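Biologist: Could we go through this structure together? I would like to understand how its parts pack.

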Amino acid sequence: MQSHKSRAKMDRTLESLKHIIAQVLPHRDPDLVFKDLNVVSMLQEFWESKQQQRAVFPSEGLVVYESLPSPGPPFVSYVTLPGGSCFGNFQCCLSRAEARRDAAKVALINSLFNELPSRRITKEFIIESVQEAIASTSGTIDDADDPSTSIGAYHYMLESNMGKTMLEFQELMIVFQLLHWNGSLKALRETKCSRQEVISYYSQYSLDERMRSHMALDWIMKEQDSPGIVSQELQMALRELEEARRAGQELRFYKEKKEILSLALAQLYNDQNTSLPKDDEMSLAALCGYH
């Protein structure tokens, strides 16, 4: 019975995706869309069409690809969508072109899923999401109305982004994930800033080179108190990025951590004017391939 329900749900999802394809890419055959080898052009066409329909992420460029340098297979490719969501190839690819196509396929599927009604923030979605957050923590239903709690802050952020898709909401969430990882949220709480004030302040800013540079400076200061911490965090970020890519997950959080830590590490060794330990040298060599 469960298998039958799962199959029925999958069939309904597939039909929904075909309907989206017919709307966004009307000249494409929905039955052949995932069999089409030219997924790179299809992904570009999809986002161009969306920008023409309604200015989605108007401040961002279109689809951007990055390849990790490698003398031979397996090859790795990443694709960043308007708004910043990032995906990579999860199959073992024997050519750079194959890796690029595989990354585009993962990104296209996620882009289509993002158009489903279930991926848009509604009252029902917020209620369900908050209930899941409460169930996964030691929180209570009363916390949802208290912005000083983590659940209340999450509830407030969802309410503030009513009507947006999950990819759009994720752009904001990534900033706060990084601020939490970076220790900035804790520091702001110690200055008696309320969660609402922090959310309102950072909701006005997008993740750009200036914000990355500020976070890199924070890690440089951490290095002074705990020598070696930047290198350790960088190695961890690279492992997380690789594991997430192989699992077909969205990659931006791990990729941004890698970018911030690479800035910090490069600045540290540039200031010290010294040679890098072998592990750090290998890390930076890998990082240079992303730029």
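Biologist: Which helices do the buried residues of α5 pack against?

Modeller: Please keep in mind that this is a predicted model. In it, the buried residues of α5 pack against α4, α6 and α8.

Biologist: And which residues of α5 are buried?

Modeller: Ile151, Gly152, Ala153, His155, Met157 and Leu158 are buried in α5.

Biologist: Let us turn to the largest nonpolar core. Which of its residues touch the most other members?

Modeller: Phe176 and Leu178 do, in a core of 40 residues. At least two residues of this core come from each of α4 (123-135), α5 (150-160), α6 (166-182), α8 (195-202), α9 (209-225), α10 (229-246) and α11 (252-272). The largest share is that of α6, with 9 residues.

Biologist: What does phenylalanine 176 touch?

Modeller: Not counting residues up to four places away in sequence, phenylalanine 176 touches Met157, Leu185, Val198, Ile199, Tyr202 and Ser203.

Biologist: Now the pair α6 and α8. At what angle do they pack?

Modeller: Two packed helices are described by the angle between their axes and the distance between the axes. For α6 and α8, the angle is about 125° and the axes are 11 Å apart. The angle therefore makes α6 oblique to α8.

Biologist: Is the crossing of α6 and α8 left-handed or right-handed?

Modeller: The crossing of α6 and α8 is right-handed. On the α6 side, Leu172, Val175, Phe176 and Leu179 make the contact, and on the α8 side, Val198, Ile199 and Tyr202.

Biologist: How many residues of that contact are nonpolar, polar or charged?

Modeller: The contact of α6 with α8 has 7 nonpolar residues, no polar ones and no charged ones.

Biologist: A change of topic: is arginine 212 buried or exposed?

Modeller: Arginine 212, which is found in helix α9, has a relative accessible area of 13%, so it is buried. Leaving aside neighbours within four places in sequence, arginine 212 is in contact with Leu207, Arg252, Glu256, Ile260 and Leu263.

Biologist: One last point. What kind of peptide bond joins proline 73 and proline 74?

Modeller: A cis peptide bond joins the two prolines, with omega about 0°.

Biologist: Where does proline 74 lie?

Modeller: Proline 74 is in the loop between β1 (64-68) and β2 (76-80).

How values were computed: Residues numbered from 1 in each chain as written. Predicted model: local features only at pLDDT ≥ 70, side-chain atom pairs only at ≥ 80, totals over all residues. Heavy atoms only, no water. Core = buried A, V, L, I, M, F, W, Y, C linked by side-chain atoms within 4.5 Å. Buried < 20%, exposed > 50% of the residue type's maximum accessible area, 1.4 Å probe, protein only. Helix = DSSP H or I, 4+ residues; strand = E, 2+ residues; numbered from the N terminus. Contact = heavy atoms within 4.5 Å. Axes fitted to C-alpha atoms, helices over the stretch in contact; angles between N-to-C directions. Parallel < 35°, antiparallel > 145°, perpendicular 65-115°, else oblique. Left-handed = near helix turned anticlockwise from the far one by under 90°. Nonpolar A, V, L, I, M, F, W, Y, C, P; charged D, E, K, R; others polar.
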